[in-house]
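The sequence and structure are shown first.

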Amino acid sequence: MQLDLPRGNRFALRSATLPSVLAPEGTGAAKDGLCAADLVISDGRIEAVLRAGSAPADIDGVDLEDRMVWPCFTDMHTHIDKGHIWDRQPNPNGDFDGALTAVRADREANWHAKDVETRMDFSLRCAYAHGTSLLRTHIDSLAPQHRISFEVFSDMRTRWSDRIKLQAVALFPIDAIDDEDYFSDLVNVVAAHGGLLGGVTYPMPDLDSRLDRLFQAASGKGLDVDLHVDETQDASVLTLAAIADAKLRNGFEGAVTVGHCCSLARQDEDTAAATIAKVKQAGLSVVSLPMCNMYLQDRHSGRTPRSRGITLLHELMAADIPVAVASDNTRDPFYAYGDLDMVEVFREAVRIAHLDHPLDTAAKLVTRVPADILQEPGAGRIAEGRAADLVLFNARTWSEFLSRPQADRIVMRNGMGIDRRLPDYRELDPLMRG
């Protein structure tokens with residue numbers, strides 16, 4: 001995009017097009033979920049959001065000619081600890097079991113601190129260049145990896161604090177709770193590093209008691225919870241309802257997020273409705289990972305997939321449950337592709353889940369809703385007083401926005417354009433040699 005941003009401390013972005021759901025009320029009349037506005041930027045912050053054509057004429061500015069302006073993105077479910085290992089540990093079958101096996105082998109062979117640090121930093125540089133300012137990653141946390149990776153994460157959080165706010169969740173199979181020494185150590189490590197408790201739930205004996213121990217441990221340390229749930233097309237698997245019951249049964253007051261929830265889409269209407277009602281009652285938030293789930297779910301050699309592999313986004317939103325979409329895995333055995341680009345995630349989610357016609361509120365799924373879920377309620381919005389962390393696109397309409405990758409976007413942080421050059425994959429070559 002050929003556009004020269006003003007260099008002064010105070011300037012105007014004139015004739016911008018904003019997603020109405022991300023703009024202050026009363027900004028201007030909305031059409032197709034978009035509204036026209038002028039933005040006044042002062043000392044790196046948004047001084048004013050005005051009706052189009054009303055910015056003071058005596059200040060420097062640039063005419064955006066109806067180009068879209070978004071706030072920076074929130075990517076609330078990623079795996080930057082395992083990202084970019086595909087070249088040394090691929091998943092030839094492309095299925096879930098193959099991914100588990102491949103990641104386990106790579107973790108045990110290669111995940112020393114420097115390896116994890118290098119790949120995390122590479123991932124964050126990609127996310128930053130694409131316009132993400134808030135990111136939550138799950139961290140593989142079977143012993144001894146939990147101590148290695150959480151130490152690296154804490155360093156990354158400090159090093160990146162002025163560019164991307166980072167959160168981390170411990171990821172482990174729920175039955176690992178049975179090892180009391182391990183689980184106690186894990187909880188202490190997570191608490192020491194300001195993380196969240198997570199886990200993977202699946203049908204098993206004593207699931208309820210294990211969930212109780214998880215919520216009690218989280219409550220005792222004041223930790224929130226973010227779980228991988230029902231990532232399968234098997235309709236007999238529905239631990240989502242058990243999680244909602246456990247949160248209620250334990251009177252857990254922290255925030256609980258559930259990711260994937262694929263098998264919910266395989267239920268009959270009555271079961272799905274009853275489960276969604278429980279999710280609502282328990283106050284859970286849901287994040288869908290459409291690209292990774294489309295890749296993994298219903299994959300069988302020589303057979304066309306019949307199922308999209310995503311959860312019931314429309315029904316969950318209709319029940320007023322907070323719902324977001326996110327990147328998930330990047331160039332690892334769970335997903336061979338991706339670049340931590342939330343524009344790609346949004347574009348694919350709209351297409352896969354039919355979030356269009358009308359496309360009036362979908363933009364909040366990658367901005368304000370995940371920011372609220374991550375308890376950063378000021379993020380993901382264009383509002384007076386907020387940092388001028390913005391993404392400018394050449395597109396003027398939804399059709400233009402969704403029809404191209406928007407690779408020529410401009411990312412502004414604190415009112416200034418950043419260097420958007422992406423890191424070169426060749427940087428990772430030394431790691432790929434083992």
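## Strand S8 and its neighbours

Asp75 has Leu135 of S8 as its bridge partner. The model discussed here is predicted. The contact belongs to the pairing of strand S7 (residues 73–78) with S8, which is parallel and comprises four bridges.

Leu135 also has a bridge partner in S9, namely Leu166. Strand S9 (residues 165–171) runs parallel to S8, and seven bridges join the two. Strand S8 itself, spanning residues 132–140, is mostly covered, with nine of its nine residues buried.

## An open antiparallel sheet

Strands of a sheet pair through backbone hydrogen bonds, in either the parallel or the antiparallel sense. In the order S6-S16-S17-S18, four strands form an open sheet with antiparallel pairing. Its edges are strand S6 (69–71) and strand S18 (416–417), each of which pairs on one side only.

Met412 has Gly417 of S18 as its bridge partner.

## A negatively charged surface patch

Which residues gather in the patch of negative charge on the surface? They are Asp268, Glu269, Asp270 and Glu315. Asp268 is located in the loop that lies between strand S13 (256–260) and helix H7 (269–282).

The relative accessible area of Asp268 is 46%.

Conventions. Residues numbered from 1 in each chain as written. Predicted model: local features only at pLDDT ≥ 70, side-chain atom pairs only at ≥ 80, totals over all residues. Heavy atoms only, no water. Patch = residues over 30% accessible without salt bridge, like charges linked within 9 Å, V, L, I, M, F, W, Y side chains within 5 Å. Areas by Shrake-Rupley, 256 points an atom, 1.4 Å probe, with all protein chains shown as cover. Salt bridge = Lys/Arg side-chain N within 4 Å of Asp/Glu carboxyl O. Lys, Arg positive; Asp, Glu negative; His and termini not counted. Charge placed at Lys NZ, Arg CZ, Asp CG, Glu CD. Buried < 20%, exposed > 50% of the residue type's maximum accessible area, 1.4 Å probe, protein only. Pairing = 2+ DSSP bridges.
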